[in-house]
Structure formats: structure tokens, C-alpha cells
Amino acid sequence: MMKLLVSLLFAVAMMTRAALAQQDLVWVQIEAQPNLNTAQERIRDYSSSLEDVNGFVMPGGWYAIALGPYARDDAEQVLAVLGREGKIPRDAYIAFTNAYQQQFWPVGSETLTQMTPVTPQDQTVATTMAEPEPVSQAPDETPAQARRSEAALNADERKQLQIMLQWAGFYDSAIDGAFGRGTRRSMGDWQAAYGYDATGILTTRQRAELARQYYAVLEGMNLQMVRDSEAGIEMKLPLGVVKFSKYEPPFAHYDATGDIPAKVLLISQAGDQKTLFGLYDIMQTLEIVPLNGRRERGKDSFVLIGENAKMVSHTQASLKDGQIKGFTLIWPAGDEERRTRVLGLMQESFSRIDGVMSPAAGGASEQNIDLLSGLEIRKPRLSRSGFFVDAAGTVVTSSEAVQNCTRITLEDGIEAEVIGSNDVLGVAVLKPGVALAPAQIAELQLAAPRLQSDVAVSGYSYGGILGAPTLTFGTLADLRGLSGEENLARLALSALPGDVGGPVFDAGGAVMGMLLPKNAGGKQLPEDVSFVLDAGMIEGVLTELGLTPVATKDLSMMAPEDLTKQANGMTVLVNCWD
């Protein structure tokens with residue numbers, strides 16, 4: 001039925017073309033490829049299941065695949081239906097005719113680069129054009145002359161020619177600078193694709209045309225050598241998309257100037273290996289270095305690559321003669337061809353010059369706990385508390401703290417995994433990625449404390465900002481929940497969201513339970529009312545996992561200062577990351 005709907009939709013679109021007199025023609029662009037061969041292959045794939053498939057050369061040297069032309073309303077309907085059916089990519093969009101140049105598909109079809117709305121007086125608006133228009137066919141070098149000019153190429157130039165043929169989709173062998181049978185075949189294929197005689201020997205003009213195609217993707221990047229004397233770095237930077245913004249040691253910021261959300265950081269500071277390793281760790285806490293990607297650290301250098309749906313960042317830095325220098329390139333995701341080309345040229349041109357950035361460079365800047373040298377620090381989606389229950393560092397926390405987390409860490413960035421949970425009770429058990437040696441472990445209180453006795457919850461009330469847990473004191477108001485639940489106890493105590501999952505101590509320092517969220521059970525509690533999950537329930541969850549927690553029934557007293565010390569050694573920060 002869906003296939004029939006799509007066919008009817010295209011039929012309607014075709015019939016409405018005669019009614020375009022008062023409307024602009026638009027297209028549904030579904031894909032773009034950096035070389036002609038790949039674009040033609042993709043078009044053949046699309047043409048097997050879709051109608052109205054066209055191919056155009058784009059101003060930047062890429063090759064667009066588009067459906068159309070349609071009236072605007074028809075195009076929006078085509079976009080919606082085919083996207084819903086999964087026949088075209090999700091990021092397909094409506095494009096205007098002025099976004100395209102020559103039409104290369106279907107072969108022998110009309111060029112639509114000069115289209116205007118169809119009128120009754122003028123039904124013909126396009127001129128005929130087949131393949132992309134080749135470079136002028138004025139007299140060129142003979143094969144013998146081409147061989148002589150080719151012989152003048154050095155090794156790097158010969159390798160670069162193979163790289164360009166590989167990029168164009170004609171060469172798939174080693175980049176060795178040796179023009180053997182495979183390289184010659186690829187040269188002939190490129191010549192044939194662009195209307196030249198397929199001699200297998202590129203003339204000077206043809207090599208220049210291939211280079212123009214190869215570098216077309218860099219149009220508008222305005223890559224120029226920049227000498228930053230403050231940072232002590234000289235290298236090529238894409239000044240068409242970034243410009244110098246400020247110094248915030250150890251970074252020189254070059255921020256985006258237009259539609260491309262790119263950014264470059266020059267890294268420069270005095271230091272030793274310890275400083276380098278510290279920078280390596282700190283960079284990974286920043287939003288500009290997404291969690292996914294390659295991490296490599298040697299004795300005197302490191303490389304950090306971070307990737308997510310929005311950006312790709314590449315950071316490299318090295319230590320030499322007591323100076324750490326490097327750079328970061330941040331580029332929007334999905335523009336990989338241009339990113340890798342820009343990055344390659346930046347890497348090739350990077351050089352150290354005298355000097356290193358002064359710690360005082362840039363003057364006074366706005367202080368912000370969420371910023372490091374002008375860069376936003378990556379923050380967890382949720383921060384809660386937990387507590388150690390055995391000598392190996394197993395942690396009990398609230399199940400709320402670990403829901404839908406891409407990554408879970410304990411304080412100091414230690415990775416942890418969920419080894420058990422009970423969503424009904426609201427408790428989760430975590431195992432650290434490395435064995436820990438907690439200063440204190442919980443002693444679960446299995447006896448019932450006296451009503452109105454003193455209690456305290458230990459937790460990271462402010463999500464770790466203070467660097468240590470805080471104790472919040474209150475009293476035991478009831479040994480049951482509001483509906484008589486025997487696995488809960490009610491406290492007269494004002495806790496914050498960051499305290500959730502933390503241990504609740506009785507007057508003797510034993511853990512009588514775990515603090516639950518304020519909205520547990522779907523009820524929003526008054527500010528001075530909190531609930532705690534009974535220690536006996538926690539013991540049951542741990543026992544089912546094969547763990548043997550320490551338990552007691554001794555009701556004693558402990559001095560507040562001793563309780564604080566015990567709580568600090570036992571309570572742990574639990575972070576949930578997207």
C-alpha cells in the first residue's frame with residue numbers, strides 16, 4: 001500500500017508540473033558525493049526504486065543527487081512521504097535551482113541551472129547538456145610531451161597525483177609514486193570520464209584540472225600561514241571560517257566567523273611530562289572533546305579525538321625543551337571530507353617558533369566555575385550519592401542515579417557498571433572498573449532505631465562542587481512509609497537532590513538505610529520530609545548478588561566528629577553521563 005501511495009504521489013507531482021507558471025521550481029536533495037564515479041553509482045541505486053532522480057555539479061566541486069523538479073508544496077510532500085518510508089536519508093532537504101550547476105544525470109538530459117518558473121508563453125527553459133563540461137579542448141600536450149612534463153615531477157608530487165586520483169574514485173592501490181599499470185589505468189579512466197582521450201598519461205593541463213577538483217572542497221577556507229608570536233606557533237589556519245578571538249592560557253582561541261561552527265585552539269605552555277599528562281586529562285573533561293574517539297598518550301605527546309553527532313575534535317600536543325605546544329581543530333560532524341583535508345594541511349604546516357604563552361596573556365577574564373581557560377567543562381547529566389558496602393569498593397546508590405546513562409563514573413572519574421538493581425525498591429548496585437580500597441564501608445543496621453532519635457544523611461548535596469560530602473542532620477519521624485510500608489522509614493530532614501542514594505546513619509554511625517528521591521512513589525514530599533529505604537532491604541539485594549555486607553543490631557552512640565569522618569570515608573559521588 002505504501003509503495004502504491006508513493007507511486008501515486010509521484011504521478012500527482014508529474015501532473016502538476018504544467019501548473020508551475022506562478023511557482024519556483026525546487027528539488028529534494030537526498031545526497032552529495034565528493035567524486036563523480038561514486039555519485040553515479042549512488043544515482044543508479046536510487047533510480048532502481050525512485051523516479052525523478054537527477055544529478056548536478058555543485059559550486060564547491062561536489063556532486064548532488066536530487067529528486068524533482070517540483071512545486072514547493074509537492075516537494076514538501078515528497079520529502080515527508082519518502083522520508084517516512086525510509087527511501088531517502090533523514091537529512092534530505094529542499095534545495096533551490098541556484099544551488100546547482102551542470103546536470104550530469106540522466107545522461108543527455110536538460111541542464112536546469114538557469115531555470116525560471118514555466119509560463120504559458122515559454123515552455124522551454126533549459127538547454128541540453130550531458131556529462132560535466134570538460135576543460136577547454138584547445139590543443140594540449142601530446143603523449144610524448146606529457147611524459148616529459150610528468151618526468152619532471154618529484155616523488156611527493158607523484159604521490160600527490162595518486163592521492164588525488166584516489167580521492168576522485170579512480171585509484172585504489174598503494175600511494176607509492178610509482179606509475180604502474182594500475183595508476184595508468186586510473187589516469188585513463190579519469191580522462192574518459194571528463195571527455196579527454198584516454199591515453200593514461202595526464203598532461204600538465206589535465207593534472208591542473210584534477211588538482212582544481214581536488215582542492216575545490218577547500219574553496220572559502222582561505223588557508224593561510226599564521227605566525228602567533230604569543231603562542232610561539234606558526235601554521236596554516238582556515239581564516240575563511242575562523243579568526244583570532246582571545247588568549248586564555250594555555251589556549252589561543254580562534255572562533256567561528258560564519259555558518260560553519262568551527263574552532264581552532266593553539267596550545268602553548270611551559271611544563272614537563274607531568275604538565276603534559278595533566279593537560280591530557282584536563283582536555284578530556286571539556287565539552288569540546290566528546291567522549292567517543294581515539295585517545296593516545298606517549299611519554300612526550302598525546303592525541304585526543306572526540307566525536308559525537310554534532311562535532312569532531314582533534315587535539316594533538318607534544319613536549320619539547322620544556323615547552324608544550326599543539327592545537328585543537330573542532331569541526332561540525334558530517335563534513336568529513338573538508339575536515340580531514342583542513343586537518344592534514346594544518347598538521348603539515350605546524351611548526352614551533354621561539355616563545356611560549358605567558359600565564360598572564362590575555363589579561364583578566366571572567367571567572368566561572370564551569371569554564372576552564374574559556375572552554376566549557378563537560379558536566380554529567382545527573383549527580384547523586386552512594387556508599388561503599390564492601391572492601392572491593394562495591395557501591396549502593398539510588399536506581400534513579402543510573403537510569404539511561406551512557407556512562408557511569410564514581411568520584412575521580414572511575415568507571416563503574418551496574419551489576420544489579422531493584423527498581424521497585426529504588427536501589428542499584430555498582431561495581432567499579434578497578435578494585436578500590438575504601439577508607440570506610442557501611443555497617444547495615446538491622447535493628448529498629450528509636451523514634452525521634454537523631455539521624456544524619458551523608459551526600460554530595462551540590463553535585464560534587466564542594467569536593468566532599470556533607471552531613472545533614474534530622475530525626476527519625478516514623479518507622480513506616482505514609483501508606484504503612486514496612487521497608488521505608490520517614491525522616492524529619494531537609495535533603496537536596498544530590499543527597500539521594502547516600503547513606504542514612506543512626507546515632508551510632510550504623511547505616512539504617514539509603515535516602516530515596518523526594519518524588520518516590522509519585523508523591524512530591526514537603527521540604528522537611530524524606531524517606532529512607534530500610535537497611536534490611538539493601539542487605540537482601542546484596543545477598544542475591546552473592547555479596548556479604550557487614551551488618552549489626554547494636555544501637556550505640558557516636559560523637560558527631562567521628563560520624564563525619566566515617567561518612568567522608570564511605571560516601572561516594574555517582575555521576576551519570578549522556
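Biologist: Which strand gives the most to the lining of the second largest pocket?

Modeller: Strand E1 (residues 26-33) does, with four residues; a strand here is a DSSP run of at least two residues, numbered from the N terminus. This is a predicted model, in which local features need pLDDT of at least 70, side-chain atom pairs count only at pLDDT 80 or more, and totals for chains, interfaces and linings use all residues. Residues are numbered from 1 along each chain as its sequence is written, and side-chain values use heavy atoms, with hydrogens and water left out.

Biologist: What makes residues count as nonpolar, polar or charged in the lining of the second largest pocket?

Modeller: Ala, Val, Leu, Ile, Met, Phe, Trp, Tyr, Cys and Pro count as nonpolar, Asp, Glu, Lys and Arg as charged, and the others, Gly among them, as polar, and by that division the lining has 11 nonpolar, three polar and five charged residues.

Biologist: Why is strand E33 (residues 571-577) largely enclosed by the rest of the structure?

Modeller: Buried means under 20% relative accessible area, exposed over 50%, and partly exposed in between, with a 1.4 Å probe and protein chains only; seven of the seven residues of E33 are buried, so the strand is largely enclosed. Thr571, Leu573, Asn575 and Trp577 point one way, Val572, Val574 and Cys576 the other way, and all are buried.

Biologist: How do you know that strand E20 (residues 382-388) pairs with E33?

Modeller: Two strands pair if DSSP finds at least two bridges between them, and six bridges join E20 to E33, which run antiparallel. In this pairing, serine 385 stands opposite leucine 573.
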